[in-house]
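Trainee: I have a model open and would like to learn how to read it feature by feature. Could you walk me through it?

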Amino acid sequence: MNTDASVGTLFTALARKLGLQWAAGRTGEARSIKHTDSETDGTTLVGHLNLIHPNRVQVVGITECRYLQKLHETSRRNFLDQLFDGTSDLIVIGDGEAAPDDIKQRSEASATPLLTSSQPTSQLVNYLQYYLTNLFARKITLHGVFMEVFSVGLLITGDPSVGKSELALELLARGHRLVADDAPIFAKTAPEILSGRCPDILRDFLEVRGLGILNIRAMFGDSAIKQARNLRLILKLVPMTEEQMHSIDRLHGARTTQTILGIEIPEITLPVAPGRNLAVLAEAAARNHTLLLKGFDSAKLFMDRQAHFMDNS
């Protein structure tokens with residue numbers, strides 16, 4: 001898990017995109033936003049101002065500001081006592097609203113970071129939720145080459161020297177895109193989604209035995225690099241003899257699943273043998289996977305056609 005969840009880091013990452021400005025509480029810049037478990041501590045990560053189910057990041061907009069303005073002095077003071085009781089790690093005022101003086105004073109006194117933005121609060125909630133969800137997501141590093149092939153996130157795996165990088169290089173030459181070589185990082189960003197990206201130190205590079213380290217961006221252009229992609233299919237390269245290849249199910253191929261961070265990902269074992277065009281096979285695997293997701297099963301269609309032929313013969 002990425003532990004750098006400080007408000008200062010969040011501000012640096014999103015200030016330009018969201019137009020964030022410091023209003024008060026900058027002494028709490030190093031304050032970490034706590035990872036929440038709503039089932040145990042009753043809090044949520046990001047949301048509009050809420051004191052019943054408090055958010056670690058409270059987003060305040062024009063509606064909330066109008067509500068605060070209508071409160072009597074005692075009620076407003078009690079409300080702010082709850083807001084600054086230590087449950088909230090960051091308060092963001094959006095919709096172009098100015099930070100009220102009493103909120104700025106409480107922010108300074110409690111070292112609770114207070115930011116303002118001209119962006120709509122709905123957009124602030126979405127961006128902050130996305131940023132923090134990725135930050136706190138469970139992560140795993142896998143060995144292989146992660147690519148985008150026909151919009152499918154495809155992880156090429158296999159033993160060392162089996163030809164993973166060579167296959168990736170040929171796919172790049174055919175117009176597909178590289179996400180990460182050697183050590184892609186996958187994060188569980190939703191119950192059924194694994195988002196893969198490249199470690200910063202490896203970005204743009206591909207190692208090919210005999211050629212060394214290649215800068216794919218420099219060779220093929222910016223369009224050959226994809227920053228992140230959801231993992232949809234694993235292609236496992238396995239050297240096989242002709243006898244082993246004959247043992248593969250001819251209707252369905254060598255299909256199975258691999259469980260990664262609790263998510264089942266389809267895996268195809270692709271035989272590696274002289275004369276086989278692996279790039280074409282990888283493209284076919286990606287296209288066929290897309291068809292399967294749409295409910296089009298070629299093997300089932302073939303079997304149904306054979307059954308119909310036999311029934312009418």
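Trainee: Let's start with strand pairing. How many bridges join strand 14 to strand 16?

Mentor: Two strands pair if DSSP finds at least two bridges between them. Here strand 14 (residues 228-239) and strand 16 run parallel, and six bridges join them. Helices (H or I, at least four residues) and strands (E, at least two) are DSSP runs, numbered from the N terminus. Before you go on, note that this is a predicted model: local features need pLDDT of at least 70, side-chain atom pairs count only at pLDDT 80 or more, and totals for chains, interfaces and linings use all residues. Residues are numbered from 1 along each chain as its sequence is written, and side-chain values use heavy atoms, with hydrogens and water left out.

Trainee: In which sense do strand 15 and strand 16 pair, parallel or antiparallel?

Mentor: Antiparallel, over six bridges. Thr256 has Glu267 of strand 16 as its bridge partner. As a general idea, side chains in a regular strand alternate between the two faces of the sheet.

Trainee: Is strand 16 mostly covered or mostly open, and how many of its residues are buried?

Mentor: Covered, mostly: eight of the ten residues in strand 16 (residues 263-272) are buried. Buried means under 20% relative accessible area, exposed over 50%, partly exposed in between (1.4 Å probe, protein chains only).

Trainee: What should I look for in backbone angles?

Mentor: Most residues other than glycine have a negative phi, and most peptide bonds are trans. In this model, Leu261 has a positive phi of about 50° although it is not a glycine. Leu261 belongs to the hairpin of strand 15 and strand 16, which has two residues between the strands. With a relative accessible area of 13%, Leu261 is buried. Asp204 is another residue other than glycine with a positive phi, near 80°. You'll find Asp204 in the loop between strand 11 (193-197) and strand 12 (205-208), and at 15% relative accessibility Asp204 counts as buried.

Trainee: On to salt bridges. How many does a search of the whole structure find?

Mentor: The general idea is that side chains of opposite charge can pair when their charged atoms come close. The cut-off is a side-chain nitrogen of Lys or Arg within 4 Å of a carboxyl oxygen of Asp or Glu. A search of the whole structure finds 15. Take Asp89 and Arg56, whose side chains meet in a salt bridge at 3.9 Å, N to O. Asp89 lies in the loop between helix 4 (73-83) and strand 4 (90-93), and Arg56 in strand 3 (residues 55-60), so the pair ties together parts that are 33 residues apart in sequence. Asp89 is buried at a relative accessible area of 0%, and Arg56 is buried at 11%.

Trainee: Where do Asp304 and Lys300 lie, and how many residues apart are they?

Mentor: They are four residues apart in helix 11 (residues 298-311), which means a separation of about one helical turn. Asp304 is partly exposed at 40% relative accessibility, and Lys300 is partly exposed with a relative accessible area of 47%. Elsewhere, salt bridges that share partners join Arg31, Lys34, Arg56 and Asp89 into one network.

Trainee: What about rings: how many aromatic pairs does the structure hold?

Mentor: Three. Rings of Phe, Tyr and Trp (its six-membered ring) pair if their centres lie within 6.5 Å; planes under 30 degrees apart count as stacked, over 60 as edge-to-face and the rest as tilted. Phe146 and Phe186 form an edge-to-face pair, 5.0 Å centre to centre with 65° between the planes. Phe146 lies in strand 7 (residues 144-149) and Phe186 in strand 10 (residues 185-190), so the pair ties together parts that are 40 residues apart in sequence. Both Phe146 and Phe186 are buried.

Trainee: And which residue lies over the face of Phe150?

Mentor: A charge sits over a ring if NZ of Lys or CZ of Arg is within 6 Å of the ring centre and within 35 degrees of the ring normal. For Phe150, that residue is Arg287, at 3.8 Å from the ring centre.
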